[in-house]
Amino acid sequence: MMVLVISVLFAVLTALSNGAASVLQRRAALNVPAGEAMRLSLMGHLLRQKVWLCGIVLVIVAAVCQAVALATGPIAVVQPIFVIELPATLLLAGVVMRVRVPRTVWYGVSAVTVGLAVAMAAAAPVGGRESVPGGDWFPALVVTGLFEAALITAALGSDGNARAALLGLAAACGYALTAALMKDAMAQLDEGGVTGLLTAWQLYATAAAGVGALFLLQNALHAGSLAAVQPMLTLGDALISIAYGVTLFGEELRTGWWLLPQLAGAALIAVGCVVLARSPLAGGNAPPAPRVR
C-alpha cells in the first residue's frame, strides 16, 4: 500500500511539472515564425528563449518523478493521473499571479477531477508484470510507428487547430511510449543494478522516444491553440498508456458494463480540458479585468 502511495505522489508531482512546462512552451512557441513548422530550426528559435528553457527544466524534473512513479506502480495507474496537470497548473498560476481564478476554470477543474475519479474507480487497474519480454516489444513498436506515421502525414495535409490536434495526439503517443520504455528500463535497474540499466536498450529508446515526442509537441503548440492540443495530449497519453499497460505489462482493467462509466469519465475529462485550455491563464496571462457596468 505504501509503495502505491509513493507512486501516486510522484505521479502528481510529474503532472504539476508537465502542466507548467506545457504552458511555458506554448508561450515560447508563439514567438516562432510560422515558416519554421516541422523544421529542426524551430528548436533553434526555442533554445534562445528563457521561458522555453524554464519549461525544459520542468520537463527534466517531471521525467525524474515519472521514473520513480513508474518504478513503484502500474503504468495504467500512473499515466492517467497526469490528466490533472492542466487544472493544477492553472490554479497555481492564479495564486502566483495573484488574480482571481475565473469561475469557468473551477468548472473545468471539477470536470477533470470527477472524470478522473470516475474513470479510475470504474477501470480499477490491477496486476501486471514489472518487465516486458523482449519479443513483445517488436509488434508494439511496429504498430506505434505506423500510427505515428499516419498522424504526422494527416497533420502535414492540414493546418491550424486540426494540425495542432493531430500533432498533439502524435506527441501523446510518443510520451506514452516513453513511459512504457521507461518502466521497462527501471525494471532492468532492479534486476541488474546500474550496469543492467546502462546496458539496456530500453534506456536509450526512452531518450529517443522522449526527444521525438518533445519535437512533435513543440510543433503542435506552434500550429494551433492550447485548446486544440491539450485534450488530445492529455487523453491520448492516458489512453495509449493504458493500452501499453494491458498489452505489454499484462495489467488488467474491468470490462463489461464498467466500460460505460469509464467512457463517461473520459468524456468529462475531455470537456474539462477544453474549458481549461481556453482560459487566459493557460496562455500565461491574467484574466481580463471585469468591465464596469
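This is a predicted model: local features need pLDDT of at least 70, side-chain atom pairs count only at pLDDT 80 or more; totals for chains, interfaces and linings use all residues.

Student: OK. At what angle do H7 and H8 cross?

Tutor: Roughly 160°, and their axes come within 8 Å. That makes H7 roughly antiparallel to H8, a label for angles over 145 degrees. Axes are lines fitted to C-alpha atoms, for helices over the stretch in contact, and angles run from 0 to 180 degrees between N-to-C directions. Helices are DSSP runs (H or I, at least four residues), numbered from the N terminus.

Student: Is that crossing left-handed or right-handed?

Tutor: H7 passes H8 in a left-handed crossing, where the near helix is turned anticlockwise from the far one by less than a right angle; clockwise would be right-handed.

Student: Which residues make the contact?

Tutor: From H7, they include Trp137, Phe147 and Glu148, and from H8, Arg163, Cys173 and Asp184 are among them. Contact means heavy atoms within 4.5 Å. By class there are 15 nonpolar, two polar and three charged residues. Ala, Val, Leu, Ile, Met, Phe, Trp, Tyr, Cys and Pro count as nonpolar, Asp, Glu, Lys and Arg as charged, and the others, Gly among them, as polar.

Student: Switching topic. Where is the kink in H8 centred?

Tutor: On Gly192, with a kink of about 140°, taken as the angle between axes fitted to the seven residues ending there and the seven starting there. Helix H8, residues 160-198, spans only 41 Å between its end C-alpha atoms, whereas a straight helix of 39 residues would span 57 Å at 1.5 Å a residue. That expected span is 1.5 Å times one less than the number of residues.

Student: And how far apart are the axes of H9 and H10?

Tutor: They are 8 Å apart, at an angle of about 145°, and the crossing is right-handed. Leu217, Ala220 and Leu221 in H9 meet Leu226, Val229 and Leu233 in H10. Those residues divide into six nonpolar, no polar and no charged.

Terms used
Residues are numbered from 1 along each chain as its sequence is written. Side-chain values use heavy atoms; hydrogens and water are left out. Helices (H or I, at least four residues) and strands (E, at least two) are DSSP runs, numbered from the N terminus. Angles under 35 degrees count as roughly parallel, over 145 as roughly antiparallel, 65 to 115 as roughly perpendicular and the rest as oblique.
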